[in-house]
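Subject: Structure for you to look through

Hello,

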Amino acid sequence: ITIILLLNLFFVGTYAQPGESQIGQSLSTDTMRLLGGDIYYEGMEIKLGVAKDIAGTSNKPQAYSYFKKANRMRGWNYVWAIFGGYEVGAGFAAVLLGNPVGWLDVGIGGGLIAMIVAREDKIENYKRLGVQAFNK
């Protein structure tokens, strides 16, 4: 379950949804655009941490702040995914061994995994705001 969740985190939002706005369609230099969940700078796809660094060196403090928040949340999501996956697995193993308290661990792990999904929406919003701020 943890491996599936981690793989899902890498691919969440990588495809544009129908009707989704595409910010920064211009391909001129020094512009960023967001297509699906991917950030592009000067026509090249870049990672969130790189977008943060570019905003910092380009003297775009508001964009830097948004990218930094998104990057920090994404990093913590990996921690919560590992811990939540462990809790689900360990709880399920405890239940199989006859310990009914294991269901509590399964619930805790499931709650952590559900929290990650909600945080991913916030990350996408911070990325969108960061791109908008960078292009101002």
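In strand S2 (residues 38-41), Asp38 and Tyr40 point one way while Ile39 and Tyr41 point the other way, and all are buried, where buried means under 20% relative accessible area, exposed over 50%, and partly exposed in between, with a 1.4 Å probe and protein chains only. Helices (H or I, at least four residues) and strands (E, at least two) are DSSP runs, numbered from the N terminus. Please bear in mind that this is a predicted model, in which local features need pLDDT of at least 70 and side-chain atom pairs count only at pLDDT 80 or more, whereas totals for chains, interfaces and linings use all residues. Residues are numbered from 1 along each chain as its sequence is written, and side-chain values use heavy atoms, with hydrogens and water left out.

Strand S2 runs antiparallel to S1 (residues 32-35), to which four bridges join it, and it also runs antiparallel to S3 (residues 44-46), with three bridges; two strands pair if DSSP finds at least two bridges between them. Methionine 32 stands opposite tyrosine 41, and tyrosine 40 has glutamate 45 in S3 as its bridge partner.

Phenylalanine 134, leaving aside its neighbours within four places in sequence, is in contact (heavy atoms within 4.5 Å) with residues including Met32, Tyr41 and Ile54.

How many salt bridges does a search of the whole structure find? There are three, a salt bridge being a side-chain nitrogen of Lys or Arg within 4 Å of a carboxyl oxygen of Asp or Glu. In one of them, arginine 74 and glutamate 120 have their closest N and O atoms 3.1 Å apart; arginine 74 lies in helix H3 and glutamate 120 in helix H4, so the pair ties together parts that are 46 residues apart in sequence. Arginine 74 also forms a salt bridge with glutamate 124, at 3.8 Å, and glutamate 124 forms one with lysine 127, at 3.3 Å. Glutamate 124 counts as buried because its relative accessibility is 18%, and lysine 127 does so at 5%. Through shared partners, the salt bridges join Arg74, Glu120, Glu124 and Lys127 into one network.

Best wishes
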